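Hi everyone, thanks for coming.

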Amino acid sequence: MCQVEEDYNGLESELNNLCCMKCKEGTAVLIIRVNDSFCRSCFKEYFIHKFRAMLGKNRVIFLQEKVLLAVSGGAASCSMLSQVQEGLSREAPKKLRFVPGIIYIDDGGACGRSAEERQRSNALLKSIFTETGFTYFIVSLEQVFSLPTSVLVPGTSDPDPSNPSYKQAVDQYIKEKQTLTEENVASAVAQLSIEDSAYSPEHKLALERLFSSMKTLTAKEDMLQTLRSHLILHIARENGYSKVMMGDSCSRLAVKLLSNIALGRGAALASDTGFSDPRYGDVVIVRPMRDYSSKEIAFYSRMFNVPSVFISGLDTQTHDKTSIQRLTESFVTNLQSDFPSTVSTIYRTSEKLHTVMPPQSQTAEPASKCLLCLCTLDTKVDKASAFHATLVSEQLSQIKLQDPSLDAPAQSAEQCCTEGQGCGPGGCCSSNRLPSHQDLKTLLCYSCRLTIKDMVATNTLPPYIITEAEKRQKRSQMKMEISEYLLEDDEED
Amino acid sequence: MLSKLKLHGGAELLFDGVKNHHVTLPGQSDPWDMKQLLAWIRGNMLKERPELFMQGDTVRPGILVLINDADWELMGELEYQLQDQDNVVFISTLHGG
C-alpha cells in the first residue's frame with residue numbers, strides 16, 4: 001500500500017513512490033491543488049474530461065456552429081487548441097461537434113518587436129496551425145486602422161427559429177446525421193486560410209504613434225486588449241463565426257479580476273471573467289479553460305508535447321511596479337505560493353458575480369454602451385454617487401485648464417456656433433473637428449475614460465473610433481436640441 | 001556531474017534565448033542538491049535580472065520545476081539530491097518573462 005510521508009528529511013525515495021490518488025497504482029508525477037497527486041495517464045484523462053465537462057455544463061456551443069479559437073501562441077491557448085483537436089477527432093467516444101477556426105493577432109507593432117521576429121513567430125505558428133487542418137487567420141494588429149465603425153455597435157443575436165434550444169438542436173442533428181458525409185467536412189476544412197500579416201508602413205507608424213502617445217504601461221495594455229478584441233470581433237463577424245473561444249486560465253482570470261477592479265472596471269466584472277461574455281450581441285466570447293490553473297496547463301503541455309510558441313508581450317521582463325496588471329499578477333502569484341487556495345478562492349468568487357441590468361439598458365441603444373469596451377455605461381448615475389463626487393473634485397482642481405494644447409488644430413473651429421449656449425462642451429457642427437478628451441469622456445465607461453485620459457493626443461486613435469465618437473456626439477447633441485422643443489421642462493446644464 | 005537544463009514559457013529570455021543547456025557541475029564531496037544547483041545557476045548562467053528567476057533561495061513563484069518530468073514538490077523541492085544525467089526543466093507561467 002502507498003504511504004504518504006509528512007516529513008521529508010532525506011526520505012525522497014518514499015515520496016517517489018507516492019501513488020496516484022485516482023488509480024492508486026501509477027507513480028504520481030505531479031501534485032495539483034494541495035494534496036492531489038496524479039499519475040500521467042490519470043492526469044491526461046482528468047485534463048480532457050475537464051474541458052468537455054466545461055463545455056457540456058454550459059451548453060452554449062451548438063452543433064455545427066462556427067467557433068473561432070483565439071490563440072496567442074502561449075501554453076493555455078495552445079492547450080485549448082489541442083483539446084479541441086482531440087475532441088473533434090474520430091476516436092473520441094463523444095465527439096465535439098462544431099466547426100473551428102483559429103485566429104492569431106500579431107501585435108508585434110505595439111510591443112516593439114522587429115519585423116524579422118514577427119515573421120519568425122508567424123511562420124512557427126503557421127506551421128502549428130496547418131498541422132491541425134483548421135481554417136486559420138493570422139492578422140496583424142495594424143489592420144485595426146482599416147476597421148469599419150460597425151465593430152463598435154453590438155449586434156443582435158438572432159433567435160434562430162430553427163435552433164431555439166440546445167436539446168432541440170441535438171435532436172435535429174441526430175435526424176440529419178445521415179446527410180453529413182466525409183466530403184462535407186473536408187470541404188469545410190479546406191476553406192481558404194487567410195494569412196493577412198502584411199501591413200502598410202503608414203498603419204505601422206500610426207500604431208506606433210498611438211502607443212507612444214500613452215504615458216503609462218497600464219493604459220497601453222488596456223488599449224492593446226481593447227484593440228485586439230475589436231479585431232477578433234471583426235474577423236468573427238466577417239466570416240460568420242458566432243462564438244469565440246479564449247484561452248484564459250484560472251490563474252490569469254484571478255489576476256484579471258483583481259486588476260480590473262483596480263482599473264475601475266468593476267461594473268463589467270461578470271462579463272470580463274465569466275464563462276460567457278455576451279456584450280457584443282451576435283458574437284459570444286467563451287472561456288473554456290477557466291477552470292485550469294497555470295500549473296496544470298504547463299504540465300500538460302510539457303508532458304504531452306503541445307506545440308506552443310513563446311511570444312514576448314508588452315510587459316515581458318518588466319519590473320513589478322510598471323503597471324497595475326503586472327503588480328496584481330506578482331501579488332497573486334506570490335500569495336498563492338504561501339496560501340495555495342488563493343487563486344481558487346478568487347475564482348469561486350468570480351463565479352458568483354452576475355451583472356445587474358439597469359432598467360434603461362433594455363432599449364439597447366448604441367449610445368448606452370461604452371464606445372471602446374462595449375459594456376454598459378456605468379457613469380449615468382445620479383448626483384449622490386461616488387462617481388459624481390470624483391467629477392466635482394476633478395473640475396474644482398482644473399480651474400485654469402480647459403483642454404489646452406491638446407486640440408491645437410481644432411481651436412479655430414470652436415467659434416463655429418454663434419450661440420455659445422447651443423454648443424456642447426466644445427462645438428458640434430464642424431465636421432473636421434477632432435474629438436477632444438471632453439467629447440470622448442461622455443461616451444466612455446469609467447475605466448476607458450482613465451485610459452483615454454492617459455493619452456497625450458486622442459487624434460492618434462484609429463479612424464473607426466473617432467468617426468463613431470463623432471457620430472454619437474452629434475446624435476446626442478441633436479437629441480439635446482430637440483428636447484428643447486418638447487413640452488416637458490428640461491433643465492439644461 | 002552532467003545535467004540537462006531546459007527552459008520554457010519565456011524563462012529562456014533570461015538565458016540569452018537558449019532553451020537547452022547541458023551543464024557539467026563541478027565535483028564536490030557532498031552530492032548536489034537543488035538549492036546548490038539554483039545558486040550555481042544564479043552565479044554562472046543567469047546573464048541578467050536574477051530577480052526574475054529566483055527569489056531568495058528558491059525559484060520565483062510562478063516558475064515551475066520538473067525533475068525528470070515529475071513535479072519537484074514530489075521530490076522534496078530544494079532538498080532533492082541531484083543524480084547524474086538528471087533532466088531539470090523550468091517553465092515560466094507568468095506574463096512577464
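A:R348 is partly exposed, with a relative accessibility of 44%. Please keep in mind that this is a predicted model. A:R348 makes a salt bridge with A:E351, and their closest N and O atoms are 3.8 Å apart. Both sit in helix α14 of chain A, three residues apart, so about one helical turn separates them.

What else does A:E351 pair with? A:R290 is a salt-bridge partner of A:E351 too, with the closest N and O atoms 3.9 Å apart. Here A:E351 comes from helix α14, while A:R290 comes from the loop between β9 and α12 of chain A, so this pair ties together parts 61 residues apart in sequence. A:E351 is partly exposed at 35%, whereas A:R290 is buried at 5%.

Now for another pair in chain A. A:D106 and A:R118 form a salt bridge at 3.0 Å, N to O. A:D106 belongs to strand β4 and A:R118 to helix α5, so the bridge ties together parts 12 residues apart in sequence. Both residues are buried.

Chain A also has a salt-bridge network linking A:D248, A:D272, A:D277, A:R279 and A:R287. Over all chains, the search finds 25 salt bridges.

How many of these bridges cross between chain B and chain A? There are three across that interface. In one of them, B:D71 meets A:K295, with the closest N and O atoms 2.8 Å apart. On the side of chain B that touches chain A, 12 residues are nonpolar, 10 polar and nine charged. Together the two chains bury about 2700 Å², 56% of it on carbon and sulfur atoms.

Key. Residues numbered from 1 in each chain as written. Chains lettered and ligands numbered in written order. Predicted model: local features only at pLDDT ≥ 70, side-chain atom pairs only at ≥ 80, totals over all residues. Heavy atoms only, no water. Buried area = accessible area lost by both parts, 1.4 Å probe. Salt bridge = Lys/Arg side-chain N within 4 Å of Asp/Glu carboxyl O. Nonpolar A, V, L, I, M, F, W, Y, C, P; charged D, E, K, R; others polar. Helix = DSSP H or I, 4+ residues; strand = E, 2+ residues; numbered from the N terminus. Buried < 20%, exposed > 50% of the residue type's maximum accessible area, 1.4 Å probe, protein only.
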